[in-house]
Amino acid sequence: MTTRAMTLDRSAEAQAGTATRPAPRFVDLLQMEFIKTLRRRMTHVIFAIMALMVAGLLSLGYLVVFVFESNPDAEITDVLLPRVLEDGFEIIAMLGPILIAILAAGMAGSEFSWGTMRTMVGSGVPRARLLLAKLSVLAVASLLLVITGTVALAGVSTGISVIEGYGLRLSWLDLSTGYDVMLMLARTTFLLLVIAGLSFSIAQHFRSVAAGIAIGIGIMVFGPILAELAGLIGNIGETLNDYVITSAMSTIVSLNTFEAREIPPVLPGPWEAAATLALYAVIPIGLALWSFRRRDITVD
Amino acid sequence: MANMTRGRDASAVLEVRGLTKRYGSFAAANDVSFRVYRGDVFGFLGPNGAGKSTTIGMLLGLIKPTAGEISLFGLPPSRHSEGLANVGGIIEAPAFYPYLSGRDNLRALAHLRPGTTRQRIDEVLDLVGLGEAATKKFGKYSLGMKQRLGIAWTLLHDPDLLILDEPTNGLDPAGMLEVRHLILSLAEQGKTIFVSSHLLHEIEQVCDRVAVIRRGEVIIEGDVDELLSQTERLIIRTPQLRDAAALLRGLPGVRDIEAADDLLRVDAPEVRPATLNAELVRAGIEVDELRRERASLESTFLEVTGDQWEGNAAA
């Protein structure tokens, strides 16, 4: 009896052994997500908009202020490297969250609207691993989007420099300035990561591209209004204002300078702002991960 | 029949026990149980809305069962996702990225199937007849081409078990025939195939075992030949209808006789036609015609449930 039971167990084990195959590694999923994201037209459009908008706004500013001389107090160095980066990263921090919200919502929500999420999950891929791969690609896309804006900014600024007779002007490049630029890039990327994480999570949870875009853009539009309203209701409002996402973003943006500058008192402190922003991303991502692992993927 | 050419062994590749999925008080699947053995072409039949896709969704790990267990390749239910790595499955309409070509879709998704080569991708595209349309964007594919790409995706990693949900949906008759041939050829290569459909005649042509689901419950499960033999009848045409009926009623093994026009429809699954013929001739009754009436799954369904099959009407 025992021998027979053991034989059956071994047979089941042998069958199971031949049946199992390796699950895709995290790096496999990263490659898949990179291919899908890179080949998508939406991605190209978003990166093109970032480059064109940054270049366009800087060119327009240069034309209005310096060619048509609308502001006699303005200094040409404001539009040349490295000073241009201070305002430039502000532009990127304004545009970037909206653009990355669209990309993030598309990466999460489209998988449901196309039905491709069931193709992927039906293959047996671990759900958490899949979601983390998507988020990783989104993080890289956030960084690349900031770099794209920065390169566009640097390109136009160099053009202005040449037009104005200053040549390529590379003398500003030293270790200290380079470090400051890297910090600006990192801070701006962090802002995009927060909005990306939030939009992705909302799109993932509600299985809707529109929901993800709405939250990303809605925050950028209604955040400042909410902060203003909070300011009107006294001390409690001021405290609440510290936790409004756009107030925390403003703090981080205000750090993007080459010289020490005081943060306006209405804004939260840098670390408080960073922690607030991190929570705005981490909590929704955690909830999206939890719900994705638990919820059914039904056929629409 | 399809199973005449194939071998089957007794190990269950897929075993479903008491699978239930409830949405509030509505049971989309209720206590569904069946076994699919290695080498089977197993038909999962049911009218539209019967619970087929919900069951397949649970098999593919998309839907979490409210109760019950699924075992793939003898693995415990806790290792279901490991088993899925050796399954190729599509559920409902095949879903791929509309902005990628058929080939690029498979190249991207091949990362979910470690070890898949580019050569294999081209092989499966050729196998399903999409070799020439491989560079066309999926969004521009016809429904039939989408179905073919879905089948190519299931074959990509050469799995032991294929789960195909309504694979001929949207195909023209020639396309349906091709898919049937493909299923049979895959079965001959030793694949186990689980195929769902609401078309009884389609399943009848390719499957050797079936389960029929209705309103979330499996009402029939078994070998197609055995099921069909339950409703097989002997047709006897004779000018002496009344005498013949009286004689046959007295014979052992004859369960029922229906008379219609100039023929008798005899329910006697255990009796050989030659025996009946000999008895009739011995009694001096002329027999103009004696043949087996091929039963169908539809008539089996009708006999078991007393209901008309709703699926074909929707087809």
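In this predicted model, chain B contains an open sheet built from 3 strands, which are arranged in the order 2-1-4 and paired in antiparallel fashion. The edges of the sheet are formed by strand 2 (26-37) and strand 4 (67-72) of chain B, each of which pairs on one side only. On average, and with direction ignored, neighbouring strands of this sheet are turned by 15° against each other. Within the sheet, strand 1 (residues 12-23) of chain B runs antiparallel to strand 2 of chain B, to which 8 bridges join it. In this part of chain B, B:Leu19 is found opposite B:Val32, a residue of strand 2.

In chain A, helix 6 (residues 127-163) packs with helix 7 (residues 175-206) at an angle of about 135°, and the axes of the two helices lie 9 Å apart. Because angles over 145 degrees would be required for a roughly antiparallel arrangement, helix 6 of chain A is classed as oblique to helix 7 of chain A. The crossing of helix 6 and helix 7 of chain A is right-handed.

On the side of helix 6 of chain A, the contact is made by A:Leu135, A:Leu138, A:Ala139, A:Ser142, A:Leu143, A:Leu145, A:Val146 and A:Thr150, while helix 7 of chain A contributes A:Leu185, A:Thr188, A:Thr189, A:Leu192, A:Leu193, A:Ala196 and A:Phe200. Considered by class, the contact between helix 6 and helix 7 of chain A comprises 11 nonpolar and 4 polar residues, with no charged residues.

Note on methods
Residues are numbered from 1 along each chain as its sequence is written. Chains are lettered from A and ligands numbered from 1 in the order in which they are written. This is a predicted model: local features need pLDDT of at least 70, side-chain atom pairs count only at pLDDT 80 or more; totals for chains, interfaces and linings use all residues. Two strands pair if DSSP finds at least two bridges between them. Helices (H or I, at least four residues) and strands (E, at least two) are DSSP runs, numbered from the N terminus. Axes are lines fitted to C-alpha atoms, for helices over the stretch in contact, and angles run from 0 to 180 degrees between N-to-C directions. Angles under 35 degrees count as roughly parallel, over 145 as roughly antiparallel, 65 to 115 as roughly perpendicular and the rest as oblique. A crossing is left-handed if the near helix is turned anticlockwise from the far one by less than a right angle, and right-handed if clockwise. Two residues are in contact if their C-beta atoms, placed from the backbone, lie within 7 Å. Ala, Val, Leu, Ile, Met, Phe, Trp, Tyr, Cys and Pro count as nonpolar, Asp, Glu, Lys and Arg as charged, and the others, Gly among them, as polar.
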